[in-house]
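Me: Could you walk me through this model, starting with the sheet and then moving on to the core and a few single residues?

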Amino acid sequence: MFFEKDCTYHVYNRSNEKLFYSRENYIFFLNKIRLQVSPYADIIAYCLMPNHFHMMLKANEAGVETYNSPTKTHVQKLSQGLGSLISSYTQAVNNQRNRRGGLFAHRTKAKMLNEAKNDYLLNCFLYIHQNPIEAGIVDKLEDWEFSSYLDYIRKRNGTLADVKQGLELMNIDAADMKFVMNSTIRDLGDENYL
């Protein structure tokens with residue numbers, strides 16, 4: 001993954017099976033995001049699902065900095081942070097569940113949203129937050145604890161997602177957020193971004 005400063009990305013991955021087995025697993029993963037990803041990117045939105053996750057993030061200056069590891073050159077700190085998130089979470093779940101091997105089905109994907117067409121930034125934002133309803137897990141968005149939706153509608157004062165920046169990026173007034181979040185996702189045009 002290569003990131004550009006101040007560009008916004010949809011970052012996602014899916015597990016081979018179940019990704020989160022308990023509420024504590026979700027909280028642990030969110031803490032890992034805070035420690036291993038948020039120093040290198042502003043988290044605009046996120047949603048953790050039982051077998052996958054989505055994040056919308058904006059790479060910052062520290063995130064695009066590179067360093068040389070013993071095995072690779074020019075490793076970006078944000079890429080390394082995402083790799084550490086996946087690796088350390090997999091190790092923790094393997095220890096907890098007495099299992100071995102990979103937990104994720106694929107490499108983590110990061111799609112730049114700045115180059116997309118058809119209001120993709122807003123569409124992706126809606127897609128991320130509407131995932132629990134689309135999957136049939138909840139009937140109302142506010143019933144899903146593990147997304148930034150509750151922060152955006154001011155039902156939780158979370159600090160992981162940068163709500164102010166998200167509102168500015170989406171060009172949404174905070175008073176209209178609940179209405180916007182329950183809107184239908186427009187034609188995304190390019191399915192490769194999801």
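**Strand 1 and its sheet**

Reply: Strand 1 is largely enclosed by the rest of the structure, because 6 of its 7 residues are buried. Buried here means under 20% relative accessible area, with exposed being over 50% and partly exposed lying in between, for a 1.4 Å probe and protein chains only. Helices (H or I, at least four residues) and strands (E, at least two) are DSSP runs numbered from the N terminus.

Me: Before we go on, what kind of model is this?

Reply: This is a predicted model, in which local features need pLDDT of at least 70 and side-chain atom pairs count only at pLDDT 80 or more, while totals for chains, interfaces and linings use all residues. Residues are numbered from 1 along each chain as its sequence is written, and side-chain values use heavy atoms, with hydrogens and water left out.

Me: ok, which order do the strands take in the sheet?

Reply: The open sheet is formed by 4 strands in the order 2-3-1-6, with antiparallel pairing; two strands pair if DSSP finds at least two bridges between them. Strand 2 (41–49) and strand 6 stand at the edges with a single partner strand each, so one side of each is left without a neighbour in the sheet. On average, neighbouring strands of this sheet are turned by 20° against each other, direction ignored, where axes are lines fitted to C-alpha atoms (for helices over the stretch in contact) and angles run from 0 to 180 degrees between N-to-C directions.

Me: And how many bridges hold strand 1 to strand 3?

Reply: Strand 1 and strand 3 pair over 7 bridges in the antiparallel sense, and strand 1 (residues 8–14) pairs with strand 6, also antiparallel, over 4 bridges.

Me: Which strands does helix 1 touch?

Reply: Helix 1 (residues 23–36) packs on the sheet and touches strand 2 and strand 3 (52–59), its direction making about 165° with that of strand 2; contact means heavy atoms within 4.5 Å. Helix 6 (residues 163–170) lies across strand 1, strand 2 and strand 3, and runs at about 95° to strand 2.

Me: Switching to the core: which residues touch the most other members?

Reply: The largest nonpolar core has 57 residues, of which Ile33, Phe53, Met55, Met56, Leu57 and Phe125 touch the most other members. Strand 2 gives the most to this core, with 8 residues. Such a core is a set of buried Ala, Val, Leu, Ile, Met, Phe, Trp, Tyr and Cys residues joined through side-chain atoms within 4.5 Å.

Me: Now Ser148, is it buried or exposed?

Reply: Ser148 counts as buried because its relative accessibility is 0%, and its place is the loop between helix 4 (120–134) and helix 5 (149–152).

Me: And Arg99, which side chain does it join?

Reply: The side chains of Arg99 and Glu17 are joined by a polar contact of 3.5 Å, meaning a pair of N or O atoms within 3.5 Å where, within protein, one must be able to donate a hydrogen and the other to accept it, and residues adjacent in sequence count only if both atoms are side-chain atoms. Arg99 lies in the loop between helix 3 (77–97) and strand 6 (109–112).
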